[in-house]
Amino acid sequence: TPQQAPPGSADTAGQPDWVTAFVQKKEERDVVDRLKEEQIRRKKREDRFEEIRHNVHLKYAAKRKRCEDDEAKRLLQLSKEALSQGAGESALDQLDHNEKELILAEYESDDEKKVISGLEKEDDDLEEEHVTKIYYCSRTHSQLSQFVREVQKSPFGKDTRLVTLGSRQNLCVNEDVRSLGALQLINDRCMEMQKNKHEKKSNEENEGKKRCVSRTVCPFYSYEQMQFLRDEILMEVQDIEQLVSLGRETKACPYYGSRFAIPAAQLVVLPYQMLLHEPTRNAAGIKLKDQVVIIDEAHNLIDTITCIHSAEVSGSQLCCAHSQLSQYMERYRKHLKAKNLMYIKQILYLLEQFVAMLGGNVNQNPGCQAVSQTGTVLKSINDFLFQSQTDNINLFKVQRYCEKSLISRKLFGFVERYGGPASAVKTNKENQKLAGLQNFLLTLQQGSDKEGTPQSPPVEVEHNQIRTASPLMQIEGFLSALTNANKDGRVILNRQGTVGQSSLKFLLLNPAVHFAKVVEECRAVIIAGGTMQPVADFREELLCCAGVDSARIVEFSCGHVIPPENILPIILCSGPSNQQLEFTYQTRDLPQMMDETGRILCNLCNVIPGGVVCFFPSYEYEKQVYGHWEKTGLLSRLATKKKIFQEPKKANQVEQVLVEYAKCIKRCSQTGGQMTGALLLSVVGGKMSEGINFSDDLGRCVIMVGMPYPNIRSPELQEKMTWLDKTMPRAAGQAPSKVLIENLCMKAVNQSIGRAIRHQKDFASILLLDHRYARPAIFNKLPQWIRERTQVKPAFGSAFAELRK
């Protein structure tokens, strides 16, 4: 009979024609039916959004219901309090209940069924199906907010369904959880509250059988409220700040509410990390199949992927985690099931072996153990596991256990409860003596202070460090990094002074393995940025390595919005006294080079109004030059024309310096006089070279001193160079490692010099001080819009005349 003809066997030999034709027709009919169903579903969904958009009384109904619920809760609470005043529960019982939270639940097996996220699927199938959408990612939340504001202003702002995603740290509205500070702790606490909610449900079902322990659940994690929030998000374009205030107002969790909105959204705005890290992507419910991804600000995409998937742990973290975990195991041994004990012992063994690899013993204070052979050693993953004798442990299983059992969260709770600040390592006598001595010194110090400080600063600092996260959380990241393929990464053993200062670092060499999934699934990936040149490494390292067919890669570069006469880029080969400019490691420290740089700056500051930004290759060199100018009196000559500012090393001081710099320039332009503005000494790759605008008078001239090549002696870079030479083809007769070094240098240069031109009417001059910039290989790596207008000046005179004009 026709029904028995298996689908797809239409062309099988020996079948009668009418069977073949029937099967084909049936398949065609199925496709049509499927498309019709999809169309109906889409229509339903669109109608629902229209209804919500126009139906104001629906909103009021939801609001009124919320108010009623709040009132009912309040009354219930009052009656509970009235009852409990009669018979208060003893404090002792209370403590026991809290302690029950610290004990690990029975761990099922590795292949345990996935627990459904616990959200009742009250909505029909409108929920799950993802509409075609664009995922737009950038580096920071401020860049994302900027983009969302542009969408709001655009003609599409009214009817685009846009959702902004962020971390719990940015979106959580539960103050108790927010106050934990560290992202990992916030995540764990949130997950635990959800678990409590589901347990509470099942306990309510078995109400008669046993009295359950009351545990905190999050008041904002309510399915109904989050559904309402989801609709609100999809109705109107909101950035993160608006989303959070909406969450507070509707008493719904913005973190989960925004996730519910993903399937129906047309534009999803999110930070890179969320998209590039597969576990985070899956947890957020991001499906890339056949969608479009735009990665903006992508000049450091390769570094970002490498950083997300690399991990570092210090010797003191390893020892601290070992000490905490063994104390935890001792205390709760009787309450833990065999499976739990087995995994905890495996983790303890791993920690012990890792510390031994650093040349230490896990049972002694890491700060007091000197390391015999200092230096840096690189090993492949397999060699590292083999030499540390941990190759017989299944790291995949251990990693899954850590995720499922939330052991680091339990351990943090345990340490918070029982371990004071000194609990880092208290295993042996020597340490206990030390702790006693510390306490004794503390009492002395408190006695001597007239104000009598209640707690001494050093201990408080230490306590905060432990509070930010349990060391086991860091170590879990390192363990999961070790599950990468052997050829794609290296383990760096960095042995310094003591075991506590030494560290183990995992370095990812091949970013393409983690990017391949994105490229395979998406229908289009757009990698965009203001200064993407040189682009060869994106093509080679990221796309070709991820198996992308070269026919699929399209490069597009457009000109700049400013007219050609608004920019004057000059490559300067020698200074005012004909000293050739070449800032190599050997020559840049010579007094005559530093003097010549100073003379150039003095001449420029005489003719350039407003702000001048000068970039140095490193903090050390900037400090050295500044010191030299101070000695020779050149600094005071500079200071007559421009007030001098230096880029601070601490990130929290950057804002302050920039505000002062801008104020000074504004003041000078208004008052006139001898002082014409300010000079900012910055560092390539520092806080000022990226994401900061020196528009208009803030940057009328950008100067690049020398070429900011990366430190070739760093073991990480050496390993990357070796790996590239082994795996990549030679391009135009150059070794891939040499190309990498040049590309890193020029990317940094392009990023820094792009700070000055920020809008259509802006104008600025760009000065590159080093004759090496004129070499064709380097010259061709400047952005096209700068390269087309660049002049190479062998002598200072003609360059100065151009600048003056």
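**Strand pairing and helix packing in the predicted model**

Strand E11 (residues 610-616) runs parallel to strand E13 (residues 677-683), and seven bridges join the two. Within this pairing, Val613 has Leu680 of E13 as its bridge partner. E11 also pairs with strand E14 (residues 701-705). That pairing is again in the parallel sense and spans four bridges. Here the bridge partner of Val613 is Val702 of E14. Seven of the seven residues of E11 are buried, so the strand is largely enclosed by the rest of the structure.

These features come from a predicted model. The protein chain has 805 residues, and 47% of them count as buried. It holds 32 helices and 16 strands. Among contacts with a separation of 6 or more, 80% are between residues 24 or more positions apart.

An open sheet is formed by five strands with parallel pairing. Their order is E2-E3-E1-E4-E9. Strand E2 (162-164) and strand E9 (524-527) are the edge strands, and each pairs on one side only. Neighbouring strands of this sheet are turned against each other by 15° on average, direction ignored. E2 and strand E3 (residues 267-271) run parallel and are joined by three bridges. In that pair, Val163 stands opposite Val268 of E3. Helix H4 (residues 141-153) packs on the sheet. H4 touches strand E1 (134-138), E2 and E3. The direction of H4 makes about 160° with that of E3.

Strands of a sheet pair through backbone hydrogen bonds, either parallel or antiparallel. The antiparallel case is found in an open sheet of four strands, in the order E5-E8-E7-E6. Strand E5 (311-314) and strand E6 (375-380) stand at the edges. Each has a single partner strand, so one side of each is left without a neighbour in the sheet. From one strand to the next, the twist averages 15°. E5 pairs with strand E8 (residues 503-508) in the antiparallel sense, over four bridges. Ala311 has Phe506 of E8 as its bridge partner. Helix H28 (residues 715-727) packs on this sheet. H28 touches E6, strand E7 (489-495) and E8. The direction of H28 makes about 35° with that of E6.

Phe384 lies in helix H16 (residues 381-387). Its relative accessibility is 0%, so Phe384 counts as buried. Not counting residues up to four places away in sequence, Phe384 touches Phe354, Met357, Lys379, Phe478, Leu482, Val491, Leu493 and Leu504. One of these contacts, Leu493, is 109 residues from Phe384 in sequence. In space the two are 9.4 Å apart, C-alpha to C-alpha.

Two packed helices are described by the angle between their axes and the distance between the axes. Helix H24 (residues 591-607) and helix H32 (residues 796-804) pack at an angle of about 25°. Their axes are 10 Å apart. H24 and H32 are therefore roughly parallel to each other. Their crossing is right-handed. H24 contributes Ile600, Asn603, Leu604 and Val607 to the contact. H32 contributes Phe796, Phe800, Leu803 and Arg804. By class, the contact of H24 with H32 has six nonpolar, one polar and one charged residues.

A further helix pair is formed by helix H8 (residues 223-235) and helix H9 (residues 240-250). The axes of H8 and H9 come within 10 Å and cross at roughly 145°. This crossing is also right-handed. On the H8 side, the contact is made by Gln225, Phe228, Leu229, Glu232 and Ile233. These meet Leu243, Leu246, Gly247 and Thr250 of H9. The residues of the contact of H8 with H9 divide into five nonpolar, three polar and one charged.

Conventions: Residues are numbered from 1 along each chain as its sequence is written. This is a predicted model: local features need pLDDT of at least 70, side-chain atom pairs count only at pLDDT 80 or more; totals for chains, interfaces and linings use all residues. Side-chain values use heavy atoms; hydrogens and water are left out. Buried means under 20% relative accessible area, exposed over 50%, partly exposed in between (1.4 Å probe, protein chains only). Two strands pair if DSSP finds at least two bridges between them. Axes are lines fitted to C-alpha atoms, for helices over the stretch in contact, and angles run from 0 to 180 degrees between N-to-C directions. Contact means heavy atoms within 4.5 Å. Angles under 35 degrees count as roughly parallel, over 145 as roughly antiparallel, 65 to 115 as roughly perpendicular and the rest as oblique. A crossing is left-handed if the near helix is turned anticlockwise from the far one by less than a right angle, and right-handed if clockwise. Ala, Val, Leu, Ile, Met, Phe, Trp, Tyr, Cys and Pro count as nonpolar, Asp, Glu, Lys and Arg as charged, and the others, Gly among them, as polar.
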